[in-house]
Amino acid sequence: MVQRHADKALVERVKQLRTGLAGTPLIPLAHDELDIVAKLEFCNPTGSTKDRSALWILERAISRGEIQQDTTVVESSSGNFALALAFYCRMLGIAFVPVIDPNCNAATEAHLRNLCRHVEKVSRRDAAGGYLKTRLSRVQELLAKFGPAYWPNQYANPDALDAHYQFTAGELIKDAGVIDYLFVGVSTGGTIAGVSRRVKEAFPRSVVVAVDTEGSVIFGGPPKKRWIPGIGSSIVPPLCRQALIDEVEIVSEVRAAEGCHELLDRYGLFVGGSTGSIYAGIQSYFARNRPTGPRPTVAFLAADRGHAYAKTVYDADWLRELRAEAARSSSPARAHQSDIEGELLTCTP
């Protein structure tokens, strides 16, 4: 690979864009037994926590000369990371080709097609019942097809971890104070790896709970078809192995959708499916582990807003069919750490 020098104009432009990520608010949620605080990552410019990793990955790659004006960025995404990359690449004048799948929400796909000249959509499920391996295979084909090309590889790129360590977790610690419990949804692994490491440094006794979905293989569960994007994976992402996780909470997609509705009904928070999963995970975790001492501070990330889920999670007919599908498959959720005996080793250093 020929070493290319950093494009000074791009370096300055991406630094200017960083000023747009001024931080996201932390709000308290009323609860009888817990002091719950939600960091509203959907207040980022493109509406999700993926702004953090997308912009930082681009910034670091530009500084190393790996991305220049003639580079085509190609990446696999279930939605939010693609949106963030599409926005920042457009702002930088860089070509971007997202590789998506049928689980990508219609609104997100339409938005991507407005931002990108070409959107690649795979339709074949992989052996785990998802589309991730199919998307990754197509990424490799496209990288070979284009001239100068760059793969952000959000599943293994240490810059993704670093973005959440520096920015997401830095803000959370500053605003929340002592965190007793941290709940983070797991997908690519970058968010939980970065945030958990920084929180554990600041508060060693903090309990980090990873929230995953039924059908995801990250923590050794059996694969199956999944319908809600943004949480879970068909592979164990390399970045996940760098996360500091104490416990795991597995949430069904039905409970994830119900969690979204509960957050909207009780707090007015219009959130995406992964956030509904996290909220449902908090409920099930503390239903088994009721606090006996002082009220603990429980922090979680509201990863994205609910607009892209209007025709799925927030649609009565879609939710009715999801419940029917769950009843047909009758796959019980594995709820806590004792159920996965030793599988946390896949996500610890």
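Where does Ser53 lie? Ser53 sits in helix H2, and the legends below visit this spot and several others. This is a predicted model, in which local features need pLDDT of at least 70, side-chain atom pairs count only at pLDDT 80 or more, and totals for chains, interfaces and linings use all residues. Residues are numbered from 1 along each chain as its sequence is written, and side-chain values use heavy atoms, with hydrogens and water left out.

**Figure 1. Ser53 in helix H2.**
Helices (H or I, at least four residues) and strands (E, at least two) are DSSP runs, numbered from the N terminus. Ser53 counts as buried because its relative accessibility is 3%. Here buried means under 20% relative accessible area, exposed means over 50%, and partly exposed is in between (1.4 Å probe, protein chains only). Leaving aside neighbours within four places in sequence, Ser53 is in contact with Phe81, Ala160, Ala163 and His164; contact means heavy atoms within 4.5 Å.

**Figure 2. Helix H3 and the elements around it.**
Helix H3 covers residues 80-92, which makes 13 residues. From first C-alpha to last it reaches 18 Å, close to the 18 Å expected at 1.5 Å a residue; the expected span is 1.5 Å times one less than the number of residues. Look for the buried residues of H3: Phe81, Ala82, Leu83, Ala84, Leu85, Ala86, Tyr88, Cys89 and Leu92. These buried residues pack against helix H1 (8-18), helix H2 (50-63), strand S3, strand S4 (95-100) and helix H4 (106-115). Just after H3 comes Gly93, with a positive phi of about 75°.

**Figure 3. Ser76 and its two polar side-chain partners, Arg135 and Tyr155.**
Ser76 belongs to strand S3 (residues 72-76). Why is Ser76 counted as buried? Ser76 counts as buried because its relative accessibility is 0%. Its side chain makes a polar contact of 2.7 Å with the side chain of Arg135, and another of 3.0 Å with that of Tyr155. A polar contact is a pair of N or O atoms within 3.5 Å; within protein, one must be able to donate a hydrogen and the other to accept it, and residues adjacent in sequence count only if both atoms are side-chain atoms. Not counting residues up to four places away in sequence, Ser76 touches Val99, Leu132, Arg135, Leu136, Val139, Gln154 and Tyr155.

**Figure 4. The largest pocket, lined in part by H3 and S4.**
This pocket has a volume of about 240 Å³. On a 1 Å grid over the protein atoms alone, a pocket is an open set of points with protein on both sides within 12 Å along at least five of seven lines, a cavity is a set of points where a 1.4 Å probe fits but cannot get out, and lining residues have an atom within 4 Å of a point. Grid points are joined across faces, edges and corners, and a volume is the space filled by probe spheres set on the points. Among the residues lining the largest pocket are Ala86, Cys89, Gly93, Phe96 and His118. H3 and S4 each supply at least two residues of this lining. By class, the lining has eight nonpolar, two polar and two charged residues. Ala, Val, Leu, Ile, Met, Phe, Trp, Tyr, Cys and Pro count as nonpolar, Asp, Glu, Lys and Arg as charged, and the others, Gly among them, as polar.

**Figure 5. The largest cavity, with a volume of about 610 Å³.**
Of the 45 residues that line this cavity, Ser78, Ser187, Pro229, Gly230 and Ile231 are the closest to its centre. Which helix gives the most to the lining of the largest cavity? Helix H7 does, with three residues. The lining has 16 nonpolar, 23 polar and six charged residues.

**Figure 6. Ile179 in the loop between H6 and S7.**
Ile179 counts as buried because its relative accessibility is 1%. Val298 is 119 residues away along the chain, yet the two C-alpha atoms are separated by 6.4 Å. Not counting residues up to four places away in sequence, Ile179 touches Leu172, Val199, Phe203, Ser206, Thr297 and Ala299.

**Figure 7. Arg197 in helix H7.**
Arg197 counts as partly exposed because its relative accessibility is 27%. A polar atom of its side chain lies 2.6 Å from the backbone oxygen of Gln242.
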